[in-house]
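Please open the model in your viewer and follow the stops below in order. Each stop names a selection and then describes what is found there.

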Amino acid sequence: MAKSKEEKVLSTLWSAGCGSHGGCGCEIFVKDGKVTRVEGDPNHPFNQGRLCAKGLALPQYMYHPDRVTHPLKRVGERGEGKWKQITWDEAYDTIETKLKDIRSKYGAESVIFCQGTGRDIGGAITFLMYAYGSPNWVQVGLAGHACYTPRLGAMYATHGHYAVADCSQFLEKRFEDPEYVLPKYIIIWAQNPSAGCHDGFYGHWIIDCMKRGSKLIVIDPRSTWFSSRAEVHIQNRPGTDGIIALAMLNVIINEGLYDKEFVKKWCYGFEELKKRVQEYPPEKAEEISWVPADLIRKAARLYANNKPSAIQWGEPVDAMPAGSVVSQAINHLWAITGNIDNPGGNVIARNSHGVTTYPFSSAELTELYGADLVKRLNEKRIGANDYPMIKGFRGWVQPDVLIEQMETGKPYPVKAAWIQTSNIIGGQAADPRRHYNAMKKLDFIVCVDIFQNPTTMALADIFLPVCTICERDSFRSWWQPLGVSVKAVDEVGESKSDWDINLEMAKRLATTPIKFNTVREIFDDRLKVGNTNFEKLKAKGGWEFPPKGDKTRPYYRYEKGLLRADGKPGFDTPTGKVELYAKRFEEWGLDPLPYYEEPKEGPVSTPDLFKKYPLILTTGRRSPVFFHSEHRMVPWLRELDPDPVIEINDKTAADIGVANGEWVYVENPRGKIKMRAKVTPTSHPKVVTVPHAWWLPETDGKAPNLFSTWDHNVNNLTSMGNQGKSGFGGTNLRSNICRVAKIKD
Amino acid sequence: MPRNGLLIQYDWCTGCHACEVACKQEHNFTGGMVGIKVHELVTVGPDKVHTDFIPVTTRFCDLCAERVKGGEQPACVKHCQATCMMYGPVATLAKAMEKQPRSSIYAPK
Ligand code: SF4
Ligand code: SF4
Ligand code: SF4
């Protein structure tokens with residue numbers, strides 16, 4: 001192995017393929033123009049040389065024989081799987097003609113721009129969409145926006161900024177930095193951090209903290225590696241996290257364990273909160289959540305009495321009934337204990353150097369595209385006018401409203417979709433059949449992706465092949481550090497990067513001329529607020545932390561006047577305080593204080609139906625080797641997790657006559673799927689857990705089979721239209737019901 | 001030449017499978033061949049159910065012979081997300097093991 005002839009390129013992982021919301025520094029080894037290996041970069045403070053299974057499998061992903069490497073045009077009916085290879089020119093010409101025609105007949109808003117999860121795609125897709133003139137940026141079928149947005153919205157309303165558990169990730173020297181203090185306790189709230197790096201948080205940072213002495217409180221319906229090692233394991237009924245948080249607030253307030261000085265000086269609405277939480281004593285929480293009241297007390301006391309302590313939370317919080325309200329209650333835990341922007345608490349997380357690569361919020365969109373355009377387009381944005389919190393906070397379409405609009409054509413018809421690295425039918429959408437039926441009727445659909453998947457097969461008229469992170473330049477400022485992804489090899493086949501495709505398309509479709517000639521010009525334009533550019537960052541090894549004193553660097557910025565536009569001390573909220581009583585919620589017509597809402601189905605809400613479907617089904621159990629619907633075709637990964645598996649308690653399985661490894665039907669009023677049973681005492685007797693987004697790329701891709709998505713995608717048991725009052729949260733992804741039965745053949 | 005091996009402090013192993021894929025990538029193993037496998041171990045204690053993971057080297061582990069020649073760590077050791085693996089002479093590992101609970105040494109070659 002003549003490794004000496006290899007060239008090493010330092011880069012940042014953040015796109016399809018790497019398998020997460022990214023951030024890892026990597027070494028890409030190249031020989032004869034091909035990537036031979038991808039490894040972790042030992043000098044990168046984010047991952048310090050480590051890398052997950054998905055990152056390490058990148059070469060097999062890149063050079064996979066099934067990868068689509070040329071533009072394709074559909075030649076049969078939708079779903080027939082008949083494609084013809086075409087040139088980029090033909091593809092672009094076709095798209096340009098169609099989309100211009102649709103714009104002149106129905107308006108630009110009739111075209112939706114659809115993305116999957118948050119990666120480097122967000123910057124590129126909004127760039128194209130605003131150039132075309134549509135306001136409709138959407139994660140199609142993501143019921144109740146149940147992916148980080150409810151949490152982000154609640155934090156924005158409460159303290160004007162977002163906060164994350166402090167595992168020293170904001171400091172270049174990490175744990176060695178003298179400013180850093182280790183959290184005494186970390187509450188892991190509804191997440192399995194060893195299975196991935198959600199929301200820009202490297203999961204194994206928790207282990208780094210544990211090794212140094214942090215203790216754990218784990219809130220999870222399942223027994224996990226983390227709960228085995230926790231001081232307290234709150235094994236609650238799925239969907240009841242809100243009442244756990246409210247009862248913990250009740251204990252902390254009534255026992256006087258909160259940070260009185262912080263609350264007095266920096267919080268607004270404490271008395272109102274105090275009054276509200278009287279409705280939620282731990283005994284009431286016990287009745288609802290199955291968790292002994294004393295265990296809730298113990299968790300509350302440990303957290304409040306040990307400062308600093310941090311909370312790391314997961315996506316299930318978003319999918320609770322009224323997800324933004326549950327988020328608000330959890331946010332109040334760190335607020336009233338003063339664990340905000342302190343070392344080892346929940347530190348305020350801002351995009352490094354103030355650079356926006358990916359506009360999360362309405363405010364950022366306005367910054368990038370101008371208030372006029374955003375305001376004008378918002379008048380047409382689907383769902384924004386129904387939900388003030390969506391209009392005020394998130395520049396996205398409300399997905400539950402979208403599906404109705406696609407079906408009814410009211411108030412205006414949706415005619416076309418630009419779908420970029422998003423597997424709507426095969427994983428993203430709740431009730432995928434409903435989306436399939438509605439989207440099949442659209443006049444024109446472009447899919448930009450790496451592989452064929454249930455969505456591209458079912459819907460694409462034109463398929464544009466996109467390249468992986470090793471074949472493209474990109475940049476990233478999702479929290480910190482500021483980083484660049486560096487193109488290490490030429491694009492495989494004729495594929496192109498998302499940014500290249502979207503800039504080229506934007507030049508053809510824009511109503512006013514695009515001022516950028518190259519993608520590099522866009523990057524440098526965005527990076528200039530950070531006093532840097534792509535080449536400078538690349539020369540430094542691909543990353544840089546903000547300088548000392550920068551507004552995007554911790555700690556205690558509220559004391560220093562670094563959070564508000566007016567430069568005054570305090571938080572970026574109407575009152576300048578942490579709003580326990582949220583003025584912004586009030587302004588959006590919502591209850592300013594947190595409350596508990598019961599899942600729509602289950603032992604409490606629908607006891608009769610629950611007799612028929614007596615198990616609580618929680619979906620989205622993460623696998624450490626897959627990211628959402630990705631990676632099922634990569635042998636190195638699939639070998640490790642070959643089948644869609646339902647976890648079921650051993651005694652429960654014995655009762656219904658299911659043995660370990662047997663195939664079962666998982667059924668509820670909405671449908672039936674097939675899973676393989678893993679019989680294990682780690683499951684709660686009344687709860688089964690299922691991974692999301694399963695499809696079998698080795699099976700027939702043509703309709704109706706569509707890679708077996710109808711058989712194995714658990715979203716076939718979920719529905720749209722359960723959104724909370726704010727438009728956020730409230731769907732049945734985590735607190736669903738089902739019955740399980742052995743498949744007899 | 002002292003005999004080398006791997007010390008794995010399995011109490012920290014989270015079952016993330018990075019070591020397995022690192023090994024496959026390093027050796028370009030296909031068809032399920034691999035130098036290390038991670039097993040889930042579930043035990044029921046008096047008050048709770050425990051989940052642990054136990055990595056075990058296989059007959060295909062060559063301790064990254066090629067790679068370590070250049071002074072690199074074995075691929076699994078470098079990438080272990082819980083940093084719970086150590087490579088070196090067995091005697092050195094045994095010394096380190098005296099201070100590490102719940103660990104094992106593998107000397108595959
Ligand atoms: S999942 Fe985590 S470890 Fe893997 S590439 Fe993404 S950020 Fe890195
Ligand atoms: S030492 Fe090398 S060969 Fe052995 S398991 Fe680790 S990566 Fe594989
Ligand atoms: S990489 Fe480390 S933590 Fe992950 S499975 Fe292997 S030994 Fe365990």
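**The interface between two domains**

Domain 1 of chain A and domain 2 of chain A bury about 1700 Å² between them, 64% of it on carbon and sulfur atoms; buried area is the accessible area (1.4 Å probe) that two parts lose on being put together, summed over both. This is a predicted model, in which local features need pLDDT of at least 70 and side-chain atom pairs count only at pLDDT 80 or more, while totals for chains, interfaces and linings use all residues. Residues are numbered from 1 along each chain as its sequence is written, chains are lettered from A in the order in which they are written, and side-chain values use heavy atoms, with hydrogens and water left out.

Select A:Arg222, A:Pro238 and A:Trp290 in domain 1 of chain A: these lose the most area to domain 2 of chain A, together 31% of what that side buries.

Next, colour chain A by domain: domain 1 covers 149-351 + 563-587 and domain 2 covers 607-742, with bounds from an automatic or database domain assignment. Their C-alpha centres lie 29 Å apart. In contact (heavy atoms within 4.5 Å) are 22 residues of domain 1 and 20 residues of domain 2.

Now select A:Arg734 and A:Glu315, whose side chains meet in a salt bridge (2.4 Å, N to O). The rule, a side-chain nitrogen of Lys or Arg within 4 Å of a carboxyl oxygen of Asp or Glu, finds 2 salt bridges across this interface.

Finally, show the side of domain 1 of chain A that touches domain 2 of chain A: its residues divide into 10 nonpolar, 8 polar (Gly among them by definition) and 4 charged (Asp, Glu, Lys and Arg).
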